[in-house]
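Notebook, entries on one structure. I looked up a strand first, then the chains, then the DNA.

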Number of protein chains: 2
Amino acid sequence: MHAVKKTIRTMEDFSTFVGLSRPTVSKYFNDPNSVRKKTRELIEIAVKQSGFRPNIFAVNLNRRRTNILGIIIPNSSDPFYTALTRRIEGIAEQAGYLAFVLSSDGKPELEERAIETFKSMNVAGSIIAPLGVQSHQDKLLKLGESIPMIYVDSPLDTTSPFVGTNNRQSFQLIVDYLTRSGDLPCYFGMPAVNSNAIERRNAYVEAMQSLKFQPHIVEVEQGSGWDFEKAAFDATVDILRKGGFPTKTVLCANDRVAFGVIAAAFQAGLKVGRGQDCDLRVAGHDDQPLSRYMCPPLTTVAQNYNEIGRLAAALLFHKLGEHQDSKFELPANERILLNAEIMLRTSA
Amino acid sequence: MHAVKKTIRTMEDFSTFVGLSRPTVSKYFNDPNSVRKKTRELIEIAVKQSGFRPNIFAVNLNRRRTNILGIIIPNSSDPFYTALTRRIEGIAEQAGYLAFVLSSDGKPELEERAIETFKSMNVAGSIIAPLGVQSHQDKLLKLGESIPMIYVDSPLDTTSPFVGTNNRQSFQLIVDYLTRSGDLPCYFGMPAVNSNAIERRNAYVEAMQSLKFQPHIVEVEQGSGWDFEKAAFDATVDILRKGGFPTKTVLCANDRVAFGVIAAAFQAGLKVGRGQDCDLRVAGHDDQPLSRYMCPPLTTVAQNYNEIGRLAAALLFHKLGEHQDSKFELPANERILLNAEIMLRTSA
DNA sequence: GGTAAATCTTTACGCGCGACAAGTTTTATC
DNA sequence: GATAAAACTTGTCGCGCGTAAAGATTTACC
């Protein structure tokens, strides 16, 4: 702390500082285990002292494969995607990769720009929550020819590697519960921002039919983008003015839709919940962080975003040929559907 | 679409494809206006056809200043920060910069890592929402010596460039309203994750005293990190069990705290709102996207995150010597406190 | 049409590091 | 202590592009 060294900028500077040759230091940064233990400790101490980190651009310019992972999510304000992202970021960092997150913000042109940015960065691999039918399928598939890509949340097509929630299972679960415990659920959709919108709708219908019940669908206005709460709120206000929902139980395509429905119901003076004195039951899907703090706490189905993130990363690393910890058991195939877990609270 | 050209990878390839020399093309990518209109159009057409983008690493390796901006936020799941981030990302992109967002996730060591990552990327400038007292002040200030840094949300110290909300004004506003319209507000704090925790507390006390009222502070348990809702929920459950709040109006340090309070009050059978039949008024601060969909809709003070983002970016670009649009009026000094706007809804 | 200015081309260097080859020193093994 | 293997050093090349200098060509203007 008393001697101010000449500023160490390059790996050259750093290597003379440590008293080693640059290639040796370079080897260390590429794989710490590729140098002798004594050398490794020497370098590690010097790193702490000097705070040196190799220049990211120089490292990745002249490398077969960069250490950058590209992540694209459709909405950066949705806690589900941010939580998923954080999980992947953490795993990536542990494996020595840097996760670069871009949001397509619901807009296909931004998704395209993100793809091009990743191309210009020569990312090693990519994890993408696509915009669905509006996605630049061709561009994504083309990028997928040169680098491994994993899709999450909603599949791009029927063949690309995918990790997400089994909507059929999750809706079976919640429909089962709702039909057993009260009024038949009608289904309140979400804007068709990705394939989940259609899939969940179908999953609901299927679940109802398997129980020999008549499905009831409440169509939500399209074109409202990712502001689910507002779309659902406005639609519910409208529905309540026109006589109410077809049944006294509303199963929403996701929690954010449920937030809008509950807010509108509350403001219309309706009491939401499963009590005797309640007017409406509302259930969601996803288990957002705030769902348990709703009034009433939202009954929903929890997507296992931790597992989705972990498996997507595992799948990606597998394709990158990374030797993972043995605890990272490899998924059997490349299309993984995780089961969801029902979260019984008091809204339904 | 019929002729498949030889794959264009480098700027060299691209320049022969366009029929220009590489330095000219290079000039174009650095500043499209530095080449003749005719040439510019030529290149632009070729870019569309080929989808070529210069390799980011090569570009930034040999440049006085990179085109990367580093952004650090303390919590990637908080809609306030993600909204702020999106705003900055958009402005950065328009100016030809790439915004790289990292989250310190409330942990000082992650904040330090983020700083080091940005150093190794040689970022042109940085916008940071610091962790406050726990921040690596020394590292941040040291980084600030070599590149321009702007702080947002909560100041690092008393001298560094800063853009944020004027807590004194905003709390004056809400305290004024609350005292005028009903019971005196007590103050429900937030975990001391940054300097806002202290500042807002003081702002409340000051506002109360200026009105000759006795301030009442409800201390919140520390050490709960960024899970504000849970901390507030648990604390409220405890408080209600022990006889309730000191007054019948609770002014929360932020909306997420208010969510927790409202949820706990609801589950305790209390009615929240400003009606005659209500047991408790609850007000927040920030105006989160979900606040208007709470039950009841949350009365709060809106931080102008759009302006915070815009001004932080403007300040940064100014320091980078970028010539901005004239509509970007330059802030007079480097510490900008924005006024907040009260959002009267029905919770208080 | 002549001249200067603007714009382009050609040529060359180097950013910081990965990668590889060839030579030298250290470590492990018996 | 001899021998081979492991680990290191020295030296060199090139990734794709920014940048600068010097010369060739085009444009603008009277």
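**Entry 1: a strand in chain B.** I began with E1(B), where both faces are covered: B:Ile68, B:Gly70 and B:Ile72 on one side and B:Leu69, B:Ile71 and B:Ile73 on the other are all buried. I count a residue as buried if 20 or more other C-beta atoms lie within 10 Å of its own, as exposed if 12 or fewer do, and as partly exposed in between, with C-beta atoms placed from the backbone. In a regular strand the side chains alternate between the two faces of the sheet. Strand E1 of chain B spans residues 68-73, and six of its six residues are buried, so it is largely enclosed by the rest of the structure. Helices (H or I, at least four residues) and strands (E, at least two) are DSSP runs, numbered from the N terminus.

I then looked for the partner of E1(B), and found that it pairs in the parallel sense with strand E2 (residues 98-103) of chain B over six bridges. Pairing requires that DSSP finds at least two bridges between the strands. B:Ile73 has B:Ser103 as its bridge partner in E2(B).

**Entry 2: conventions.** The model is predicted, so I note that local features need pLDDT of at least 70 and side-chain atom pairs count only at pLDDT 80 or more, while totals for chains, interfaces and linings use all residues. Residues are numbered from 1 along each chain as its sequence is written, and chains are lettered from A and ligands numbered from 1 in the order in which they are written.

**Entry 3: one residue.** I looked up B:Asn306, which is found in helix H12 (residues 305-319) of chain B. B:Asn306 has 13 C-beta neighbours inside 10 Å and therefore counts as partly exposed.

I counted 36 residues of chain A in contact with 35 residues of chain B, contact meaning C-beta atoms, placed from the backbone, within 7 Å. The side of chain A that touches chain B divides into 20 nonpolar, eleven polar and five charged residues. Here Ala, Val, Leu, Ile, Met, Phe, Trp, Tyr, Cys and Pro count as nonpolar, Asp, Glu, Lys and Arg as charged, and the others, Gly among them, as polar. The copies meet through the same surface, because 97% of the interface residues of chain A are also interface residues in chain B.

**Entry 4: the DNA.** Which residues are closest to DNA strand C? Of the 25 residues that surround it, the closest are A:Thr10, A:Met11, A:Ser26, B:Thr39 and B:Asn62; near means a C-beta atom, placed from the backbone, within 6 Å. H2(A) gives the largest share of this surface, four residues.

DNA strand D is also surrounded by 25 residues, the closest being A:Ser21, A:Thr39, A:Asn62, B:Met11 and B:Ser26. For DNA strand D the largest share, four residues, comes from H2(B).

Conventions: Contact = placed C-beta atoms within 7 Å.
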